[in-house]
Amino acid sequence: MPELQTDVAIVGAGPAGLMLAHLLHNAGIDSVVVDNRSHDDIAHTHRAGILEAASVRMLAADGIDSRVLSEGHRHDGIDIRIDGISHPLDFPTLVGESVWLYPQNEIFVDLAAARARTSRPTFFSVADTRLGDIDTAHPWVRATTAGGEDLHVGARYVVGADGSRGPCRGMIPAETRQKFFHEYPFAWFGILCEAPPSHEVLIYSRSERGFALISQRSDTVQRMYFQTPPDTDVADWSDDRIWAELQARVAGPDGFELRTGPIIDKTVLPFRSAVHEPMQHGSLFLAGDSAHTVPPTGAKGLNLAFADVSVLAPALIAAFRDSDAEALAGYSRTAAARVWKAQNFSYQMTRMLHSDPGQDAFEARRSLGELTSMLESVHGRRYLAECYTGWPETSPSTTDRPAPEQTAGRSPERKA
């Protein structure tokens, strides 16, 4: 039976878990990582692809050798389209930042390669993961390896970066755990297609037919979505019908037309928001989807996970280097403050852009008024840009964000 002793046991080898492992390794802190998925499963799962500038800076740090700057695409804005009329947001002008298009599976490939170069243990395809003694200074994680052996990992701390279906969150006692949940009355019908990009930036479109998002993945594969009832059956939608619906939701007087191609994947995504607090108990800490999920409208999921790690890693380093256990005490409070800002923005964007079947005519017009009020005000546009590109990494109570002219060029530059 493999018996390992480490500083931090990390459950979850997705981007959040591996980023944490990398930051700890750079500080001389050991970790063991386990995941029930295989390396190939994670590497071929297509998920979120928009990164805030702070997330890009984390990936561009020494030792990762990420391709985000060489193969990712810098986006200097988004286009909010209302009934066929475009309202572009210029992020560098508004807030001095940009976002990057770089698929999450490619982020995983970069981080997994960086982890492999450290030669520290990472166990993929484990089964029956469980943990215990989290109320003590000697917690443990156990699992069955891909080869059928029993694995026992003893640690000083355990981090649950194992997603919304993992075992870690359930270890926080029910009497101290709060769950905040909201389910939206619609879903997204998502497609992957083989086609060139239809536009240089993402298009968020509100129309009488409902919402549509014209997103991207690469120069040859694109991701697009349209609002649909949660019980939609993908079998009812032919490729021709999908393209006709998407085109109808972005059509306008400017004659904009989507660039189409073979559809290689179809899926219906439910829309839910959830936050679990606290994000820590005893020697256990949660990060990413294990603690919170957001609808994809605001592109916050992966960025929130990295934001969690950017708070947790320094706290763990301080605990080990300086014997400062108090550094960890405020993790949940600090991380959750950003989580709720992201929940608000995601909820706000979702409600302003989607048609709610339960809305009366007043609420439908009111939400449109909210959206147009923001787009017609430079302050409203700056608010949307700041929320989308990510809030300052320092507390706004102590440091105000510099004016756009002072922050121009702060974003990482894409390599030639």
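What follows is a chat about aromatic pairs, strands and helices in a predicted model.

Reader: What should I keep in mind about the model and its numbering?
Author: This is a predicted model, in which local features need pLDDT of at least 70 and side-chain atom pairs count only at pLDDT 80 or more, while totals for chains, interfaces and linings use all residues. Residues are numbered from 1 along each chain as its sequence is written, and side-chain values use heavy atoms, with hydrogens and water left out.

Reader: OK, how many aromatic pairs does a search of the whole structure find?
Author: The search finds 18 aromatic pairs, where rings of Phe, Tyr and Trp (its six-membered ring) pair if their centres lie within 6.5 Å, and planes under 30 degrees apart count as stacked, over 60 as edge-to-face and the rest as tilted. In one of them, phenylalanine 108 and phenylalanine 124 have ring centres 6.2 Å apart and planes at 85°, so this pair is edge-to-face.

Reader: Where do phenylalanine 108 and phenylalanine 124 lie?
Author: Phenylalanine 108 lies in helix 6 (residues 104-118) and phenylalanine 124 in the loop between strand 9 (122-123) and strand 10 (127-132), so the pair ties together parts that are 16 residues apart in sequence. Helices (H or I, at least four residues) and strands (E, at least two) are DSSP runs, numbered from the N terminus.

Reader: And is phenylalanine 108 buried or exposed?
Author: Phenylalanine 108 is buried, with a relative accessible area of 0%; buried means under 20% relative accessible area, exposed over 50% and partly exposed in between, using a 1.4 Å probe and protein chains only.

Reader: What about the rings of tryptophan 188 and tyrosine 225?
Author: Their centres are 4.6 Å apart and their planes at 40°, so the pair is tilted. Tryptophan 188 lies in strand 14 (residues 178-194) and tyrosine 225 in strand 17 (residues 221-228), so the pair ties together parts that are 37 residues apart in sequence. Both tryptophan 188 and tyrosine 225 are buried, and they belong to one aromatic cluster that also includes Phe91 and Tyr388.

Reader: Switching to strands, what order do the eight strands of the open sheet take?
Author: The order is 7-6-15-16-17-14-18-21, with mixed pairing, and two strands pair if DSSP finds at least two bridges between them. Strand 7 (85-90) and strand 21 stand at the edges, each with a single partner strand, so one side of each is left without a neighbour in the sheet.

Reader: How many bridges join strand 14 and strand 18?
Author: Strand 14 and strand 18 (residues 263-277) pair in the antiparallel sense over 13 bridges, and glutamine 178 stands opposite glutamate 277 in strand 18. Strand 18 also pairs with strand 21 (residues 292-293) in the antiparallel sense, over two bridges.

Reader: Last topic, at what angle do helix 9 and helix 11 pack?
Author: Helix 9 (residues 331-353) and helix 11 (residues 378-389) pack at about 125°, with their axes 10 Å apart; axes are lines fitted to C-alpha atoms, for helices over the stretch in contact, and angles run from 0 to 180 degrees between N-to-C directions. That makes helix 9 oblique to helix 11, since angles under 35 degrees count as roughly parallel, over 145 as roughly antiparallel, 65 to 115 as roughly perpendicular and the rest as oblique.
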